[in-house]
Amino acid sequence: MRCPAVPYHEAAPRAEVEKICAEHGLSYKRDAYGNVIVRLQTAPKQRPFVLAAHLDHPGFEIVRRLGKGRWLGQFLGGVPDTYFRRGIPLRLMPGALPAKLGRRVGSKRQFEILAKPTDATSPQFAVWELEDFAVRQQHIHSRACDDLGGVAAILAAMIELKRKRARVNVIGVISRAEEVGFHGALAVAAAGELPKNSLVISLETSRELPPVKMGQGVIIRVGDRTSIFDSTATRFLMEVAAKRKRQSKTFQSQRALMYGGTCEATAYQEVGLQTAAVCVALGNYHNCADDNKIAAEYVSVADACGMVDLLVAASREMRNYSRLTGKLPAQLNKMLRAARRRLSR
Ligand SMILES: [Zn+2]
């Protein structure tokens, strides 16, 4: 979270991801489009369990220099117009040059970005000047919880599985340019990079919307603004969560349609992969706080840890997928026999 990124400019957090993988002996590679694919395949014959999250966050891409200390920035990502107020502090990257938002130029969400005149830098993008990372009162505050929380959850789960020498087949897909219409995920899905029998879980931080409550556990996300995800795969996650609740006094989970945005699950599902989704509730979604103020996002530490817990457990339960998802049909069959007896009498 110390490494700012916007769509198409994700090199810095991606380097962190690759460093963490190398430190923990997780094998990884970049695909042709610069997405990172991480593998932990200690039981390669098991059905692949794919965990997907993205590196980028809404921000400004520099289009061109306008003059001394003045650049034209194109905003990429979903932030309502009312939030773009002149004078908001920005950070020009690379170099972390202090800057501020100038006037709007034209109708395409382009803005002047103003900094101290300097010849030394040629900035590529700019982000809101907000705190990189802090933990206060059980919450993580950061410019970009979305979706570095998801990325961190993938790495934490895979590191934990490796440490426990778990017999799993997990593939992490850490993608680029989600905020402009999941470009990275579309490229991964279309490339046939993932085996056709994969179960894909899209991981997000997602705007806190009723009925979910921040701090009340990881969310099994039944759908997004665009799609409803696979019912059987969702039930699998519910079975895993129920088992974790029986085993642990502190584990909590919620189940909800998170309709605030469209997530990568829609991209994976549309190419025919079985797909479900998991998220944690997000405050100040896309840095949008009350009164049209730009502020850091935040998530609950317990929810974030709960997400890792659920992913670790689900990775290990993939070998029991048929048994866990077969419980409901078996129960319905039993009910059918009773129903026929009673109804025909
Ligand atoms: Zn987002």
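Tutor: A residue is called buried if its relative accessible area is under 20%, exposed if over 50%, and partly exposed in between, with a 1.4 Å probe and protein chains only. The model is predicted, so local features need pLDDT of at least 70 and side-chain atom pairs count only at pLDDT 80 or more, while totals for chains, interfaces and linings use all residues. Residues are numbered from 1 along each chain as its sequence is written, and side-chain values use heavy atoms, with hydrogens and water left out.

Student: Why is Asn 169 called buried?

Tutor: Its relative accessible area is 3%, and the limit is under 20%, so Asn 169 counts as buried. Asn 169 belongs to strand β12 (residues 169-175), a strand being a DSSP run of E with at least two residues, and a helix a run of H or I with at least four, numbered from the N terminus.

Student: What makes the place of Thr 205 buried or exposed?

Tutor: Thr 205, in strand β13 (residues 199-207), has 5% relative accessibility and therefore counts as buried.

Student: Which residues coordinate the zinc ion?

Tutor: Asp 146 (OD), Glu 179 (OE), Glu 179 (OE) and His 286 (NE2) coordinate the zinc ion at 2.0 to 2.7 Å, and donors are N, O and S atoms within 2.8 Å of the metal (3.2 Å for Na, K and Ca), although sites may look incomplete because water is not among the atoms. Asp 146 lies in helix α2 (residues 145-163) and His 286 in the loop between β16 (274-282) and β17 (297-300), so the pair ties together parts that are 140 residues apart in sequence. Both Asp 146 and His 286 are buried.

Student: Why is the arrangement around the zinc ion called irregular?

Tutor: Four donors count as tetrahedral if all angles lie between 85 and 135 degrees; four count as square planar and six as octahedral if opposite donors are over 155 degrees apart and all others between 65 and 115; anything else is irregular. The 4 donor atoms subtend angles of 53 to 142°, which makes this arrangement irregular.
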